[in-house]
Amino acid sequence: YQTHDIMIKAKTYIARIKGVSPYSASRYHGTPKKDDEKPDAYEERTWEEKAYYVNDEVCIPAQAFKQAISSAAKYGKKKIAGQGNSTYSKKFSGGLIVAEDLMTGVSRSQVKKNQQFCHANGQRGPGPRVMRIFPSVVGWEGDLKLIVLDTKNITPEVLTEHLEMAGMFVGIGQFRPENEGSCGRFTVLSLKEVE
């Protein structure tokens, strides 16, 4: 990995990730409403657009995994040996790139409809609730390309540990464990260094 005149000896890994609970997407799609279209009818017509697709295959944005790993580092508060009270939080924030979106192996036609009674403004607390429909992706699995810039501190063992923590305690997508939900949990099947 090269930036200007600084050469960093990065390492690239492929992590095989498997969902252990459905992934629920909530992408803002901006599809315009039809004239006089009621909110329920709009939700029914456009719910599939809340997921990300590449050639009609559901994909999960790389940034979702990056945020999950960074959140896991904060959650775990694991100290780095020989560095006093320093934890891995800043190491993962700046020292890891999730290079590509994860292709799930699930086609658009296999996406399920998940209806939830949600706060109208998207914030917890008192106030009106409305019915929302979210895409639910069951049985997802794929490869995640990870580029480690901080190879001194983020070893394969440390990376695996934080990926597993992200999958169990943080999750990805809408209604994930980090937000007191049950969707978007995953496990790490393998981690391999690649050239």
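Guide: A helix here is a DSSP run of H or I spanning at least four residues. The model under discussion is predicted.

Visitor: How do you know what span is expected of H2?

Guide: The expectation is 1.5 Å times one less than the number of residues. For the 15 residues of H2 that gives 21 Å, and the span from the first C-alpha to the last is 21 Å, close to the expected value.

Visitor: Which residues of H2 are called buried, and why?

Guide: Ala62, Ala64, Phe65, Lys66, Ala68, Ile69, Ser70, Ala72 and Ala73 are buried in H2. They are called buried because each has under 20% relative accessible area.

Visitor: Why is Thr12 called buried rather than exposed?

Guide: The relative accessible area of Thr12 is 17%. The cut-off for buried is under 20%, so Thr12 qualifies. Thr12 belongs to strand E3 and, residues up to four places away in sequence aside, touches Lys145, Leu146, Ile147, Lys192, Glu193 and Val194.

Visitor: What makes E3 and E12 a pair?

Guide: Pairing requires at least two bridges. Eight bridges join E3 (residues 11-19) to E12, and the two run antiparallel. One example is Lys18, whose bridge partner in E12 is Thr187.

Visitor: In what order do the strands of the open sheet lie, and why do E7 and E12 stand at the edges?

Guide: The order is E7-E11-E3-E12, with antiparallel pairing. E7 (96-98) and E12 (186-194) each have a single partner strand, so one side of each lacks a neighbour in the sheet. From one strand to the next, the twist averages 30°.

Visitor: Which strands does helix H2 touch in packing on the sheet?

Guide: H2 (residues 62-76) touches E3, E7, E11 (141-148) and E12, and its direction makes about 145° with that of E7. Helix H4 (residues 156-170) also packs on the sheet, touching E3, E7, E11 and E12, at about 155° to the direction of E12.

Visitor: What makes the largest nonpolar core a core, and which residues have the most contacts inside it?

Guide: Its members are buried nonpolar residues joined through side-chain atoms within 4.5 Å. The core has 41 residues, and Ile17, Phe65, Trp140 and Leu146 have the most contacts inside it. H2 supplies the largest share, seven residues. Leaving aside neighbours within four places in sequence, Leu146 is in contact with residues including Ile69, Leu96, Leu159 and Leu191.

Conventions:
Residues are numbered from 1 along each chain as its sequence is written. This is a predicted model: local features need pLDDT of at least 70, side-chain atom pairs count only at pLDDT 80 or more; totals for chains, interfaces and linings use all residues. Side-chain values use heavy atoms; hydrogens and water are left out. Axes are lines fitted to C-alpha atoms, for helices over the stretch in contact, and angles run from 0 to 180 degrees between N-to-C directions. Contact means heavy atoms within 4.5 Å. Buried means under 20% relative accessible area, exposed over 50%, partly exposed in between (1.4 Å probe, protein chains only).
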